[in-house]
Amino acid sequence: PVTGLEEEYELCDSLDNCTRDQDCQLSDWEDWNGCSCSCYGVTERHRHVKLLPIGKGKKCKEKSLKEIAPCNPAVDEERPSGCRNEGPHKLHVQSV
């Protein structure tokens with residue numbers, strides 16, 4: 001009778017990688033949402049990860065998926081009529 005392994009395998013490190021490196025890819029920004037209120041509100045927009053990195057591709061780190069900005073008034077806009085002059089000042093677009 002025959003004895004021993006039926007099949008034998010070994011690790012092969014000399015083959016080329018069968019997948020190509022792919023950097024992370026993000027979608028375009030969606031439109032800004034409506035303002036949260038009529039005086040001194042906030043608005044936000046989002047984007048999502050379209051492709052995750054593959055192999056040695058660059059990761060999506062330090063790339064925001066959400067931005068928040070002031071509205072009513074927006075940056076460099078006049079205060080809407082009917083809004084008191086007591087709202088927050090020096091607001092800017094913030095990535096989170």
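Guide: Buried means under 20% relative accessible area, exposed over 50%, and partly exposed in between. The model is predicted.

Visitor: Is Cys71 buried or exposed?
Guide: The relative accessibility of Cys71 is 8%. The cut-off for burial is under 20%. At 8%, Cys71 therefore counts as buried.

Visitor: Which cysteine forms a disulfide with Cys71, and where is that partner in the chain?
Guide: The sulfur atoms of the pair are 1.9 Å apart, and a disulfide requires them within 2.5 Å. Cys71 lies in strand β4, and its partner is 36 residues away. That partner sits in the loop between β1 and β2 and is Cys35.

Visitor: What is the handedness of the disulfide of Cys35 and Cys71?
Guide: The torsion about the S-S bond of Cys35 and Cys71 is about 90 degrees. The disulfide is therefore right-handed.

Visitor: What is the handedness of the link of Cys39 and Cys83?
Guide: Cys39 and Cys83 form a disulfide with sulfur atoms 1.9 Å apart. Cys39 is in the loop between β1 and β2, and Cys83 is in the loop between β4 and β5. With -85 degrees about the S-S bond, the link of Cys39 and Cys83 is left-handed.

Visitor: Which cysteine is in no disulfide?
Guide: A disulfide needs two cysteine sulfur atoms within 2.5 Å. For this residue the nearest cysteine sulfur, that of Cys35, is 5.5 Å away.

Key. Residues are numbered from 1 along each chain as its sequence is written. This is a predicted model: local features need pLDDT of at least 70, side-chain atom pairs count only at pLDDT 80 or more; totals for chains, interfaces and linings use all residues. Side-chain values use heavy atoms; hydrogens and water are left out. Helices (H or I, at least four residues) and strands (E, at least two) are DSSP runs, numbered from the N terminus. Buried means under 20% relative accessible area, exposed over 50%, partly exposed in between (1.4 Å probe, protein chains only).
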